[in-house]
Amino acid sequence: MPLQPDQAKRPVYKRVLVKLSGESLLGDQSYGIDAQVLTAWAGDLKTVVDQGIELAIVIGGGNIFRGVQTTTHGMTRAHGDYMGMLATMINAMALQDALEQLELKTRLLSSIKMAEIAEPFIRRRAIRHLEKGRVVIFGAGTGNPYFTTDTAAALRALEIDAEVLLKATRVDGIYSADPEITQQAELYSDITGAEVIQRGLRVMDKTAFTLCEESKMPIVVFNMNTRGNLQRIIFGENVGSTVHWD
């Protein structure tokens, strides 16, 4: 169940962008969307919207299709990436429906023209939707091949003037090594961007990370599958790992 917010506390953010992992939507499955994971995510997202937070979302498509991997099977990278963009739209539509079943108002904006199912991405329109309390879901990545959904998340976060980029994963934050492989991996609760680069840690792809660095956009990496984590971050609790640029 979502946490009941402490009435004495106030949110530390007003407008945020959450990057959701498509692979995390697998749950215990090998393919597709786990309905329980989707429902849990929608519940946690609703909790922060109910606190007056302006919420934007970018979701990946790794549970359905990962364009980069297809290059080893003879498919051109650009073609595979476009297929990956379509996969993100499937996840975005599923999330949109889950949120609307909880009576949230949403708008799905696509970087590729899909007039029957989504609005085209227009920066000012996206901001206006947020100001009106609508959850804005950005689909189809950047609309260009050779860019990941991490880059799309960084780009959209900057375009809508988000205060923080929240990268939701299936691990508790940024570790010195892959915690799913190395049990002794160290969790960094607070780390500078320079330290991330120096230690060769994988937080986001280089393009996304550089975008955040140039604009001093803070990044919080956290486990979305731990119920209440998103709300804790919104209310200023030390959850996951924070990348700052001081």
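Which residue with a positive phi follows H2? Select Glu103: its phi is near 70 degrees, and it comes after H2.

Before moving on, note that this is a predicted model, where local features need pLDDT of at least 70, side-chain atom pairs count only at pLDDT 80 or more, and totals for chains, interfaces and linings use all residues. Residues are numbered from 1 along each chain as its sequence is written, and side-chain values use heavy atoms, leaving out hydrogens and water.

**Stop 1: helix H2.** Select residues 77-101, the 25 residues of H2. Helices are DSSP runs of H or I with at least four residues, strands are runs of E with at least two, and both are numbered from the N terminus. From first C-alpha to last, H2 reaches 36 Å, close to the 36 Å expected at 1.5 Å a residue (1.5 Å times one less than its number of residues).

**Stop 2: Arg156.** Now go to helix H4 (residues 149-159) and pick out Arg156. Arg156 counts as buried because its relative accessibility is 5% (buried is under 20% relative accessible area, exposed over 50%, partly exposed in between, with a 1.4 Å probe and protein chains only). Show Ser111 too: its side chain makes a polar contact with that of Arg156 at 2.8 Å (N or O atoms within 3.5 Å; within protein, one must be able to donate a hydrogen and the other to accept it, and residues adjacent in sequence count only if both atoms are side-chain atoms).

**Stop 3: Phe138.** Finish in strand S5 (residues 135-139), where you will find Phe138. Phe138 is buried, with a relative accessible area of 3%.
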